[in-house]
Amino acid sequence: MRVLELTDLTKLYGDLRAVDGLSFTVDRGEVVGLIGPNGAGKTTTLQCVAGIQRPGSGTIRIDGHDIVRDPIEAKRRLAFIPDEPQLFDYLTVTEHLRLVARLYQVTDADARIPSLLEQLELAGKHSALPGELSRGMRQKLALGCALLHRPVALLCDEPLTGLDPLGIRRVKQTILACARDGAAVLVSSHLLHLVEEICGRIVIIANGKKVADGTLDELSRHPGLAGAHLEQIFLRATGQDAEATGEP
Ligand code: ATP
């Protein structure tokens, strides 16, 4: 079942077409990787899907709800973890989770918060303010806030930045568990090994346009790419393979 549906999304900043006629879908239980060079339009796309940026044209549906026409119902089903965790300076870890619980009307939050804190290794920091947390801990708190209301669509922008090896493993497991529980997950990252590992399908964009969409197997069916890693596929699809030649 289709949970995320982008149709002909275009977003302009002045004359710049940051996103240009982009269409793709993410189904229930799917983890899709959104990758592209710097400035390709990934963050802009995620911000439009999350309702932070208004699309110039095109439509975005979350579980059937249009993010522009029906934003409350769309956002109720959605969680967005930006690359820089956005937290409140004067709320503790637990207060962040309680606030999210109230905003999203999560009725079993009191029962779930302790286990969520354990899962994210934040139990010892429950009364800490964001300024007293490391970057990785802030990232984990943002993830906790995102998961508390059991979103059906999860958007992650560079979810592993600043995490230690155990944190990386936990976040990967958490993303996969979310998908197993039925969420549609869209992950944007430059860490191609992460994308290769956890994403069942990959959408590659360049200059705001989709240049490839498929499983790793499908993407490597092009001439000269048999058995290729995602890095080679990415460089070919984005027209950067010639530039990469000769590099160590
Ligand atoms: P990166 O991998 O470097 O994070 P990205 O694929 O996420 O890049 P975006 O941040 O979406 O790319 O940017 C796409 C284009 O839109 C870039 O050319 C960028 O300079 C431009 N852009 C992004 N945000 C704004 C803004 N608020 N105002 C004007 N231009 C912007």
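S2 and H1 each supply at least two residues of the shell around the ligand, and H1 gives the largest share, three residues. Helices (H or I, at least four residues) and strands (E, at least two) are DSSP runs, numbered from the N terminus. This is a predicted model, in which local features need pLDDT of at least 70, side-chain atom pairs count only at pLDDT 80 or more, and totals for chains, interfaces and linings use all residues. Residues are numbered from 1 along each chain as its sequence is written, and side-chain values use heavy atoms, with hydrogens and water left out.

**Ligand surroundings**

- The residues around the ligand are Tyr13, Leu16, Ala18, Pro37, Asn38, Gly39, Ala40, Gly41, Lys42, Thr43, Thr44 and His190; a residue is near a molecule if one of its heavy atoms lies within 4 Å of it.
- Gly41 places a backbone N or O atom 2.9 Å from an oxygen atom of the ligand.
- In Lys42, a side-chain N or O atom is 2.7 Å from an oxygen atom of the ligand.
- Thr43 has a polar side-chain atom 2.9 Å from an oxygen atom of the ligand.
- On its own the ligand has 640 Å² of accessible area, of which the protein covers 58%; accessible areas come from the Shrake-Rupley method with a 1.4 Å probe.

- An open sheet is formed by four strands in the order S2-S1-S4-S5, with antiparallel pairing; two strands pair if DSSP finds at least two bridges between them.
- Its edge strands are S2 (16-27) and S5 (65-66), each of which pairs on one side only.
- Five bridges join strand S1 (residues 2-13) to strand S4 (residues 57-62) in the antiparallel sense.
- Thr7 stands opposite Thr59 in S4.
- Helix H1 (residues 42-50) lies across S1, S2 and S4 and runs at about 120° to S1; axes are lines fitted to C-alpha atoms, for helices over the stretch in contact, and angles run from 0 to 180 degrees between N-to-C directions. Contact means heavy atoms within 4.5 Å.

**Positive phi values**

- Arg150, a residue other than glycine, has a positive phi near 50° and lies in the loop between helix H5 (135-147) and strand S7 (153-157).
- Glu158, also not glycine, has a positive phi near 45° and is found in the loop between S7 and helix H6 (165-180).
- Glu158 counts as buried because its relative accessibility is 14%; buried means under 20% relative accessible area, exposed over 50%, and partly exposed in between (1.4 Å probe, protein chains only).

Terms used:
Polar contact = N/O pair within 3.5 Å; in protein donor to acceptor, adjacent residues only side chain to side chain.
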